[in-house]
Amino acid sequence: MKRRFKTAFILAAGLGKRLWPYTKYLPKPLLPLWGRPIISYIIDNLSKCGFEKFIINVHHKPESYEKVFPGLRWEGKLMILRYESELLDTGGALKNIEDLLTDDEAILCHNGDILTTIPYGKVIDFHERERPLFTLCLRSSGPERHIYLDESYRLTGIRRNKEGSLTFGFQFTGIYAVETESLKYIEPKKKISLIDILQKLSKNDPNSVKGVIVDEGVWFDLGTKESYREVRRKNKVDILGWT
C-alpha cells in the first residue's frame, strides 16, 4: 500500500512576541537549545518516523534560515520555505502551501516551537484508521485543556470558561494530521485560524475532526520566555533520552 504520510509542515511564521527579546534577531524555531536550533530537534524526530519532505512557513527574519542552515539542509534533509508577506494565521498558512502538496494525500503539521518525543506513529495510525479530515494530537494533562471530545473521539468544542482560565478537556499539542482534500474548504489568501476551520468543519460534519490522546513521551511548548528558559536549564539527555 502506498505510504500516505511523507510530508511534514512546520509552522514557523509567528512573530515570537512572547519570546522577545530572544526573537529580535531570530525567529523562534531557530533559537538555540543545547547548541542547536529548536527546529532541528523537530526535523530529527520527524525523520525517525519516516518523513522525507519538510515545508516551513516563514515571515519574521526569513533570511535567518539560510544563515543557520546553509543550503537549507539539516542532516541531509531539505527544508522547503514558504514565505508569507502577510501573516495568514494557522489556517491560512495551510492553504498557502496547497500547491506544494500535489503528491500528498495527507500531511502532519507541527508547531515550530514544540519540543517533544511524542510517538507520531500513534497519531498517524489513528488517522489512517478513522480517516477524518483532521486528527488532533492531544494530552490528558497540560496548562490549557480546552479541547473537548465525545465518546467517539469527535471534536465537540474548543472553549475556555468566562474567566479564560483552565477548563478540563484535553491539551492540544500543536501536532495534527490533515487530509489535503480538506484544504478546498479554506479560502485562499485569507487570514484564518485553525480553530475557526475546525469548528466550522465539525459543525458541518461531526466525523470530520477527531482527537487522539497520546500521553507517552515528553512535550514542551517553548513559546514563552519562561518555558524556553526552563527547558534550557534542563539536561538534554534527561529530557529527550538521546544526545
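The structure is a predicted model, in which local features require a pLDDT of at least 70 and side-chain atom pairs are counted only at pLDDT 80 or more, whereas totals for chains, interfaces and linings use all residues. Residues are numbered from 1 along each chain as its sequence is written, and side-chain values rest on heavy atoms, with hydrogens and water left out.

Leu-149 belongs to strand E10 (residues 147-149); helices (H or I, at least four residues) and strands (E, at least two) are DSSP runs numbered from the N terminus. When neighbours within four places in sequence are set aside, the contacts of Leu-149 are Leu-138, Arg-154, Leu-155, Thr-156, Phe-170, Gly-211 and Ile-213, a contact being defined by heavy atoms within 4.5 Å. A separation of 7.8 Å is found between the C-alpha atoms of Leu-149 and Gly-169, which lie 20 residues apart along the chain.

For the protein chain as a whole, the secondary structure amounts to seven helices and 14 strands. Its radius of gyration of 17 Å is close to the 18 Å that the globule rule gives for 243 residues, so the chain is as compact as a globular protein of that length; the radius is taken over C-alpha atoms, and the rule is 2.2 Å times the number of residues to the power 0.38. Of the 243 residues, 51% are buried, and among contacts between residues at least 6 apart in sequence, 76% join residues at least 24 apart.

In strand E4, five of the six residues are buried, so the strand is largely enclosed by the rest of the structure. E4 runs parallel to E1, to which five bridges join it, pairing of two strands being assigned if DSSP finds at least two bridges between them; within this pair, Ala-8 stands opposite Phe-54. Five bridges likewise join E4 to strand E6 (residues 77-83), again in parallel, and Ile-55 has Ile-80 as its bridge partner in E6.

Helix H5 (residues 194-204) has as its buried residues Leu-194, Ile-197, Leu-198, Leu-201 and Ser-202. These fall within an arc of 120° when viewed down the axis of H5, so they line one face of the helix, the arc being that of the directions from the helix axis to the C-beta atoms. The exposed residues Lys-200, Lys-203 and Asn-204 are carried on the face turned away from the buried side of H5. The cover over the buried residues of H5 includes helix H3 (89-96), strand E9 (134-139), strand E11 (155-158), E12 and strand E13 (209-213).

Technical notes
Buried < 20%, exposed > 50% of the residue type's maximum accessible area, 1.4 Å probe, protein only.
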